[in-house]
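Please read it alongside the sequence and the structure shown here.

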Amino acid sequence: MVSAVFHSPLEAIAPPATSHASPIGKAMSTPKTDAPAAPAAVSARPSAASRDFRGFWMAVLPPVLGLACLVLVWQLIASTGNTGIPKPLETWAQAVTVFSDPFYSNGPNDQGVGWNVLASLQRVAIGFGLAAAVGIPAGFAIGRFEFLSRMFNPLISLLRPVSPLAWLPIGLLVFKGADPAAIWTIFICSIWPMIINTAVGVQRVPQDYMNVARVLNLSEWKIFTKILFPAVLPYLLTGVRLAVGTAWLVIVAAEMLTGGVGIGFWVWDEWNNLNVSSIIIAIFVIGIVGLLLEFALIKIATLFTFEEVKS
Amino acid sequence: MSNSNEARYIDIQGVEQTFKTKKGLFPALKDINLTVAKGEFVALIGHSGCGKSTLLNLIAGLTTPTSGVLLCADREIAGPGPERAVVFQNHSLLPWLTCYENVFLAVERVFSRTETRIQLKVRTDAALALVGLTAAAQKRPGEISGGMKQRVGIARALSMEPKVLLMDEPFGALDALTRAKLQDELLDIVARTNSTVVMVTHDVDEAVLLSDKIVMMTNGPAATIGEVLTVDLPRPRSRVALADDPQYLHHRKAVIDFLYTRQAHVEKAA
């Protein structure tokens, strides 16, 4: 509307009080100024709106097109012969039934998708929490003391590349149960990114800050709370983000092997029932949950990052 | 005894510093003998890479000499400590703390054993007031200008009531106008607190304006003290009045002569 006022030449001639004054009489005395102003407003509105729409389309159109491509390829593959992959529409229909009652429970092997996701998230939370409780202090110690760094770096280099699933039998052997073994697997795979990122963060604390600590003769506790922890926090959160991502990748595979309740087990169970559309639904659910975890952690990380730390 | 103590407050005897590098041993400093009296303002000047900062780090105790002895108030300098406060070249404020908290960290460290929380707060406020930053106390370093950050750095150092104030090119990263303003403030603060100051600089005017003694260093490697110039200009000093003061110009000429004629830059000599 603002642009309409500027574009109308007659509006400038008309007294500005016109629009605010009582319509009685004024409406009669100045019909000519009102009439041209209205079409001007109409002609100006689309140009301003189209600018808004362009931004809107750039934000919405490409992702929608990307999704459409995926669905199209899926549809093509599903329609060609006997792949056994259900078509998008069939899957959608199945998804509606699955999500209409996500929290039903008919015994341990037949539970709603909601329970399965929650069970997986719980395992990830426990395994990841334990890994954070061990890995973050270990990372600080390794970063702070060169002796410990030299002591543990070869071990970390040796163990880190091992697929987390290789640890599953060890977990089964030691803990004698599927659930603790899955948690153990999450623990072992999410501990490395946290140790390594925290240690690197500590080693990259600017020497200037450590010189300040030395000149002030700060106690080790003050150094930790006032200098090390705030300086390392961005690195630490990156480690946490990587760890959660890995944990979420690994839990599906671990649950396929251990069984019980969980999204990974659900995938395997539906495979045994030859219910492929449920598997596709599970893939989407896993992707969306992973996306949400990642998004939440990025939000947390940006809250705690000081620009000066990076430079 | 107390006289000699005052005159040789900082006493550097035969200090030599050699760094281990990939190419072998690099002799940075050799045969450094220097005394600084209590309340004296000493400037270390020389070309880049001549070991000015190395010498300052030795006095701070951040590094230990390869050979030789450094004494401060008749005690050997064994490590860094709050009695020898350092103002770093790049201010080195902790970005996650406010200006107040940055200063308070130092105050708390030095005085918390003997003073109440309220006294510590008064000290912190006083230090910020000394550099004219009371209004910016609750801002973080990222929200204030470079000159203000450097002033917080100075406030942090002064708040500890150090025996010696060590400054490593404190105004090097600032524009000329801000630098002049801070130099005037420093002159004023040093006069009021009667601090002993050792300052590294590469600015001839800064050295002559501020110091009682200018220590001119030869080019490295194996740099040493080439000449010590006593600046006996009366205090308080005014930048404007000194601009055409013949004695000031004479001192300025002496330093420039040393730096650019006798110790022409390394590249030229090579």
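In this predicted model, four strands of chain B form an open sheet in the order β2-β1-β4-β5, and their pairing is antiparallel. The edges of this sheet are taken by β2 (24-36) and β5 (75-76) of chain B, each of which pairs on one side only. Within the sheet, strand β1 (residues 10-21) of chain B is joined to strand β4 (residues 67-72) of chain B by five bridges in the antiparallel sense, and Ile10(B) stands opposite Cys72(B) in β4(B). As background, strands of a sheet pair through backbone hydrogen bonds, which may be parallel or antiparallel in arrangement.

Strand β3 of chain B has parallel partners: strand β8 (residues 196-201) of chain B, to which five bridges join it, and strand β9 (residues 213-217) of chain B, to which four bridges join it.

| Strand pair | Sense | Bridges | Residues opposite each other |
|---|---|---|---|
| β1(B) and β4(B) | antiparallel | five | Ile10(B) and Cys72(B) |
| β3(B) and β8(B) | parallel | five | Phe41(B) and Val197(B) |
| β3(B) and β9(B) | parallel | four | Ala43(B) and Ile214(B) |

How enclosed is strand β3 of chain B by the rest of the structure? Because five of the five residues of this strand (residues 41-45) are buried, β3 is largely enclosed. In a regular strand the side chains alternate between the two faces of the sheet. Both faces of β3(B) are covered, with Phe41(B), Ala43(B) and Ile45(B) buried on one side and Val42(B) and Leu44(B) buried on the other.

Turning to the domains, chain B is divided into domain 1 (2-83 + 162-269) and domain 2 (84-161), and the centres of the two, taken over C-alpha atoms, are separated by 24 Å. Where they meet, 25 residues of domain 1 of chain B are in contact with 20 residues of domain 2 of chain B. On the domain 1 side of chain B, the elements that give two or more residues are α2 (52-60), β7 (164-168) and α6 (176-193), and by class this side has 15 nonpolar, five polar and five charged residues.

Chain B as a whole has ten helices and ten strands, and its C-alpha trace spans about 55 × 45 × 45 Å along the principal axes. The radius of gyration of chain B is 19 Å, which agrees with a compact globule, because a globule of 270 residues would have a value near 18 Å. Buried residues make up 43% of the 270 residues in chain B. Among contacts in chain B between residues at least 6 apart in sequence, 71% join residues at least 24 apart.

Key: Residues numbered from 1 in each chain as written. Chains lettered and ligands numbered in written order. Predicted model: local features only at pLDDT ≥ 70, side-chain atom pairs only at ≥ 80, totals over all residues. Pairing = 2+ DSSP bridges. Buried ≥ 20, exposed ≤ 12 C-beta atoms within 10 Å, placed from the backbone. Domains from an automatic or database assignment. Contact = placed C-beta atoms within 7 Å. Nonpolar A, V, L, I, M, F, W, Y, C, P; charged D, E, K, R; others polar. Rg over C-alpha atoms; globule rule 2.2 N^0.38 Å.
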